[in-house]
Each structure stands twice: as structure tokens, then as C-alpha cells.
Amino acid sequence: MLTKAIRNYGPHPPKKFSHLMKILIASHTTSSSSTTVDHTELKHFKDLSSSWWDEMGRMKALHSMNKLRIPLVRDGLINVGTVKKEFVGTTKPLQDLQILEVGCGGGILTEPLAKLGSKITGIDVSSELIEQAKQHAAQNLSLTNINYSLESIDDHVKRNAEKYDAVVASEVLEHVTDQKVFLEACVKCLKPKGSIFITTINKTTLSWLGGIVFAEYVLNFVPRGTHDWNKFIAPHITQRVLEDYKCRTRIIHGLCYNFLTNSWSWISDTSINYALHAVKD
Amino acid sequence: MSFNIMFLRKTVNVRNTLNRLPFNLNTNSILKYSINSSNHYDVVIAGGGMVGTTLACTLGKNTKFSDRRILLLESGKKFKWQLKEQYSNRVSALNPSTYNLLDRVGAWKHITDVRYGSVKRMQVWDALSDAMITFNHDELSEMVAYIVENDVLLAAVGKELEQLQNVTTINEAKIKEYQLPKKHEDTSTINMEDGTTYTCNVLLGCDGANSLVRKTMGVHYVSWNYNQKGIVATVKLSEDTENVVAWQRFLPTGPVALLPLTNKLSSLVWSTTTEHAKTLLGLSEEQFVDALNEAIWKTHQQNSMVTEAMKTFNKCLDFIQLPSSAVRQLPPSISGVEPGSRAAFPLGFGHASNYITKGVALVGDAAHRVHPLAGQGVNLGFGDVNTLDRILGEAIYSGSSLGSLNYLKQYESERQQHNVPTMLAIDGLHKLYNTEFTPVVILRSLGLQFTHALNPLKKAIIQHAAQ
């Protein structure tokens with residue numbers, strides 16, 4: 001059993017990733033086929049709709065993570081001077097800024113960033129999730145500054161080079177096949193002096209223990225074989241790749257999830273989850 | 001350009017999907033979420049008492065709420081305050097943290113313009129032994145508490161509130177029922193008796209110990225009555241003194257406290273058994289004053305064991321040069337009571353095990369009710385206001401919805417970490433002093449004396465009570 005565990009590897013306490021993964025896998029099969037929704041998928045879709053935006057539902061860890069990643073993006077942009085001084089401390093600190101969120105899913109991170117005033121584009125390769133995101137944003141008539149789009153970063157970069165003040169890829173990098181290509185495209189979308197924000201999972205023994213052994217084989221709250229440990233990426237590798245594309249890392253923080261209280265906190269240790277902010281030259 | 005086109009496509013897309021998909025999403029619920037609707041508010045505060053009004057004013061002045069809409073619903077008539085020569089019998093002892101809050105929202109200057117009493121020292125002593133404790137800052141340099149009439153406070157906060165554009169106050173609001181957000185909803189609905197309906201992103205229940213908001217939430221609520229009544233009155237001192245000490249004496253029937261108003265007047269809070277309270281209210285003014293002086297001054301027969309234990313303990317304290325109870329200030333004697341200022345109210349304990357559910361939070365007495373013996377009740381409520389103001393501000397600055405559990409949960413845990421120990425300590429004190437059982441009297445006397453002797457411990461208590 002453990003050899004299988006070693007081969008498959010999967011990190012991580014919360015259920016969200018397994019779910020995200022399921023959705024990502026499902027999306028590859030549906031997005032390429034017809035846009036007409038059949039009833040089986042509708043049911044699946046309905047299930048998703050009820051859980052994705054439920055703060056205490058299956059995505060609860062992504063909701064509670066907002067308490068750290070919104071300040072990471074907001075204060076990061078303030079600290080590098082991207083946010084105009086007069087907007088600091090106001091209810092719309094990110095106004096006038098163009099932000100791209102890659103792998104936006106149902107929009108859990110996109111909507112708060114939009115509420116802070118940014119003009120935000122959320123892209124994802126899952127048609128269900130993009131629909132779900134649009135659906136939810138439409139409920140709030142004041143959210144007119146979000147643009148959701150069903151496309152990959154590879155496609156998006158072709159028409160949107162050097163367009164954005166910030167690119168955010170949160171809990172996405174660990175699901176990407178070619179991380180170099182992915183990061184290169186993200187960086188290309190950035191204006192000079194633009195910021196890239198990443199949160200992802202480290203490639204360590206600890207994240208293997210906490211993830212595959214603990215989460216998938218002991219507590220069983222992540223289906224076995226969900227994650228591919230080989231896709232995880234260590235912070236210094238991410239940093240080096242970004243440097244290759246002329247991005248200097250300003251901050252790397254560790255994140256710690258307490259699954260009993262469903263709350264995240266910043267820690268110095270980056271061996272499981274980490275967040276990174278880099279600025280393009 | 002491409003952005004615009006995509007945007008257009010998005011709008012069309014959404015319309016189509018809305019018609020196509022069997023979501024729990026009908027046109028009504030969309031309208032409900034619309035912030036343009038004039039009956040939708042970001043925040044609805046139920047209850048315009050001291051805590052509710054101060055909460056409305058604090059949020060209204062928070063820059064993060066500058067483009068938000070706040071509604072304050074109060075069942076009473078519009079409060080018209082006029083200064084009367086006679087002091088009101090309903091006063092609050094405000095701790096430094098409450099002072100800071102009122103100062104921050106600009107209400108304190110209005111209180112200064114009217115009047116308040118200052119407490120630079122507190123003396124608490126036991127009727128059944130010589131044990132006593134005092135609380136004060138070094139050299140009486142700082143205030144321990146401020147004694148403010150409730151009406152003066154409400155008028156001061158109301159004056160600031162009136163100037164706020166983002167807060168609407170509705171008086172004589174008769175609330176029929178609340179509909180709290182269900183699983184897939186984000187807003188609460190408030191149905192009024194007159195058929196009006198309001199919706200909000202977060203509902204803040206400041207509607208007192210019998211909170212309808214709390215009952216609608218269905219949270220577990222622990223409560224009991226102390227079978228005691230609190231008698232309040234404004235009393236005259238027999239001599240003009242620099243009246244800056246708050247006095248409290250623990251009698252077997254309950255504590256009696258005098259809070260300074262002016263050099264001639266103090267406010268009385270006398271907790272006693274329900275039967276005794278009835279008797280006290282029935283007495284003539286002269287008889288009442290006699291009864292009160294007896295309560296403050298009468299030497300109760302002390303158990304010889306208690307006296308002996310205290311003597312020995314005081315000798316030990318003297319020996320190691322810690323302050324004993326040898327030196328004490330004498331309380332004032334009372335010469336009269338302001339006509340018509342006597343009143344009684346029931347005393348009870350209440351604790352909501354949860355202060356929040358999705359989109360709803362309880363504030364002040366709606367969440368917690370304590371015995372007045374430490375004068376902490378309203379300060380706990382103002383502490384809630386302070387914390388909620390900060391956390392809701394953070395929620396907005398993080399683009400979160402105001403009803404988000406992730407932020408409300410932080411409010412709940414921060415406040416319960418402060419309130420619950422305070423409440424247990426107050427209830428514990430009540431139980432500790434509500435007995436004449438000799439071993440308990442000895443232990444509490446030694447405990448009080450020991451606490452009095454240890455300055456760091458006393459400072460820690462002052463600091464907790466000041467938060």
C-alpha cells in the first residue's frame with residue numbers, strides 16, 4: 001500500500017484539492033465536447049454549485065485561505081508601489097489595476113479581488129467552473145468588473161501580453177503539467193514591474209507524509225491517487241524558473257492549515273504550503 | 001477591445017444560463033442581492049440602546065464603511081435628551097477601553113460638556129472579615145473608571161450619529177420576524193409589522209438580554225436568575241469630599257456599591273435578595289438612608305476563627321513587608337436620597353454559546369449578561385463593538401462579504417476568549433461572597449488579602465478589566 005502511496009503521492013489535509021482535481025479531470029472531457037449540457041452533468045453541476053460557494057462546504061479551505069491570500073496580493077501590490085497612494089486604506093485599494101487570475105475555478109478568490117476595485121480576468125479550463133463563476137458573480141449586480149473566460153493560459157497569453165499589473169495563480173501550479181511553460185506564459189502577461197503571486201505545495205517528505213500518507217491513506221479524506229507528487233514544485237525551483245523569466249522574488253512565506261478550526265496562518269516553514277510574490281523587471 | 005467583446009459575451013452568456021439552469025436562483029433572489037434596492041442595507045443593527053447606537057456610530061465612522069449603508073432599528077421613540085438638574089439613577093461605570101472607544105467616535109467630548117464622575121480608586125471589602133482590596137494606578141494618576149449616566153452617553157453618541165450620511169436610523173421600528181440566510185443565501189430579511197421588508201448582508205443583534213435575533217438564530221443559551229434585585233438610587237453624601245473612590249462592600253445578601261458622581265452625590269447599586277429589595281423600596285426616605293448606612297458601616301459579628309486567621313495572615317504580610325489591611329480609607333456616610341430616584345431591576349446571568357451564525361452576530365447583552373457586582377456588563381458590550389468594528393473593517397478591506405463566517409468566527413472567538421473568563425470570574429465572586437460558611441469566609445478573606453498584597457496580580461486584574 002505504501003509503495004503505491006510513494007508512487008502516487010498526494011499531499012495535504014483538506015478535501016478541496018481532491019475535489020478540484022476531480023473537477024479538473026472532468027473538465028477535460030466535457031470542455032472539448034458539445035456545449036449542450038446533458039442531465040447527468042447538470043446534476044453534477046448542481047451539486048457543485050451548492051458546494052463551491054458554501055463557506056462551510058467542500059471548498060471551505062479555499063474560502064478560509066482568502067484571509068491570507070487577499071492581504072498577500074493587496075499588501076504586496078501596495079508595498080511595491082503598484083497601488084496609488086491615495087487608494088491605500090480605502091475600500092477600493094486595487095482600483096485601476098488589471099489583474100489576471102489563472103485557474104480561477106468558481107471565483108472564490110476572483111470576487112473579493114474584484115470587490116477591491118480591480119479589473120479582473122479569471123480564466124479556467126473547466127467549462128463548468130467558469131459557468132459556475134459567472135453564475136455566482138451575476139447574483140451581485142455591483143460586480144461589473146469581472147471577466148471570466150474559458151481558456152488556458154497558453155491561449156490567453158497570445159492576445160494579452162504585457163497587459164496585467166498582477167497575475168495570480170493560487171493552488172494551481174501543483175496541477176499543471178509543464179510548470180515552466182505555465183510560468184513563462186503568466187510572466188508574459190505581466191506589464192514590466194508587474195507582480196506575480198503564487199500559492200502552491202512544496203515537494204518535500206513532509207508534504208508527502210501529510211498529504212499522501214495522512215490525507216489519502218490514514219484519514220481518507222482525499223481519494224487515493226489524487227495528486228501526483230512529481231508535479232509538486234519546491235519554492236527554490238519556482239523562484240529559479242521565475243528568475244529565468246526576469247522576475248525577482250520578494251517574499252516567500254509558509255502557510256499552515258489547521259483542519260480542526262478551518263483556518264490558515266502564516267509560518268516561516270515552507271515545507272508543505274507556500275506563497276510567493278515576485279516582481280517582473 | 002477584446003476585453004469589451006468578451007465582456008458582452010459574458011453578459012449574454014449569463015442571461016442564457018440563468019434561464020437554462022435549474023439552480024436555486026430565481027429572479028427574486030437576484031433582486032434581493034441588488035445593492036441598488038433602497039431597502040437593502042449592508043448592515044442592519046437591531047436595537048438602539050447604548051451598545052447598538054455606539055455600534056452604528058462606530059461603523060459609520062469607520063472609513064471602510066464610507067460607501068456602505070447601515071440601518072439602525074430601534075423600537076423606542078426618537079430619543080430626545082434634555083439636561084436635568086437631578087442625576088439619572090441609571091449610570092454605567094465605563095472602563096478605560098470604553099472611554100477610548102467613545103473618544104475615538106467623538107462622543108466623549110459631548111459627555112465632557114455635560115458631566116461625569118471619576119473613579120481613581122476602588123475599594124472592595126468584606127462585611128464578615130477585615131479583608132479588603134484596593135485598585136488604583138500609581139499616585140492615583142490615571143482613571144480606573146468613569147461614571148456616566150446612560151442617558152448622557154446615549155445623547156452624546158446620538159449627536160455624532162446624526163451627522164453620519166451612511167447610517168439611517170428608524171425609530172418606533174416594530175420588528176415582526178427575522179429570516180436568517182439559509183444554506184445558499186447571503187442575506188437576512190427583516191419583516192416589519194407594517195409590512196415593510198429590509199434585507200442586509202449582516203444582521204447585528206444588539207437587542208438585549210431577551211434578544212429576538214438570538215432566539216431566531218436558535219443558539220444555545222445558558223441563563224439563570226440570581227433571585228436578587230439591584231436597587232439603584234442617587235444618594236447625597238453627608239460631607240463634601242473629593243469623591244473619586246468607588247466603594248463596594250460584600251454583604252451576605254449581596255454587594256452594595258457607591259459610585260462617585262460629584263463631591264456631594266454618589267450613585268448607588270445595591271444587590272440584595274428579592275424580598276429585601278421589596279422592603280427597601282417600601283421604606284420612607286429616612287428609613288432607606290438608615291438602612292443604607294447600616295449596610296455600609298455595620299460591623300457584622302465576625303467569627304473568631306476568621307478574625308484570628310486574618311490577624312495571623314496580616315502579621316505575616318507585615319513581616320515580609322507586603323501591604324496588609326491595616327491601612328484603609330473609610331467610606332462616606334449617606335445623608336439623603338434624591339426623591340424618586342429609587343428603582344429595582346432583576347439580576348441574572350446569560351451566555352450564548354455561539355455569538356454568530358452565517359450573516360448574523362450578537363453584540364452586548366444579547367450575547368452575554370452578568371451580575372453588576374464588578375460593573376463590567378456594559379463594558380463587555382463596548383468591547384464587542386470595538387472588536388466587531390475592526391474585524392468587519394478587515395472583511396471589507398479583503399473584499400469579503402460582511403456575513404462571511406470566516407470573519408464573524410474571528411469576532412466570536414476573540415470576544416469569547418475575553419468575555420467568558422470575565423463572566424465566570426464575576427459569577428464566581430457572586431457565589432463566593434453569597435455565603436456565611438466560615439471556611440469559605442476564611443479562604444476568601446485570605447485570598448482577597450493576598451491578592452491585595454501582590455501588586456503584579458492586582459495590575460493584571462486591572463488590565464483585564466480595562467480591556
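**Salt bridges and surface in a two-chain model**

Over all chains, the count of salt bridges comes to 17, where a salt bridge is a side-chain nitrogen of Lys or Arg within 4 Å of a carboxyl oxygen of Asp or Glu. The structure is a predicted model, in which local features need pLDDT of at least 70 and side-chain atom pairs count only at pLDDT 80 or more, while totals for chains, interfaces and linings use all residues. Residues are numbered from 1 along each chain as its sequence is written, chains are lettered from A and ligands numbered from 1 in the order in which they are written, and side-chain values use heavy atoms, with hydrogens and water left out.

Chain A has ten helices and eight strands; helices (H or I, at least four residues) and strands (E, at least two) are DSSP runs, numbered from the N terminus. Of its 281 residues, 59% are buried. Buried means under 20% relative accessible area, exposed over 50%, and partly exposed in between (1.4 Å probe, protein chains only).

One salt bridge of chain A joins the side chains of Asp96(A) and Lys84(A), with a distance of 3.3 Å from N to O. Both Asp96(A) and Lys84(A) lie in the loop between α4 (60-79) and β1 (98-102) of chain A, so the pair ties together parts that are twelve residues apart in sequence. Asp96(A) is partly exposed because its relative accessibility is 45%, and Lys84(A) is partly exposed at 42%.

Chain B comprises 14 helices and 20 strands, and buried residues make up 54% of its 467 residues. In helix α11 (residues 377-397) of chain B, Arg390(B) and Glu394(B) are four residues apart, about one turn of the helix. Their closest N and O atoms are 3.9 Å apart, and the two residues form a salt bridge. Arg390(B) is partly exposed at 39% relative accessibility, as is Glu394(B) at 31%. Elsewhere in chain B, a network of salt bridges links Asp42(B), Asp67(B) and Arg68(B).

Leu212(B) is placed in helix α7 (residues 212-217) of chain B. Its C-alpha atom is separated by 8.2 Å from that of Glu177(B), 35 residues apart along the chain.
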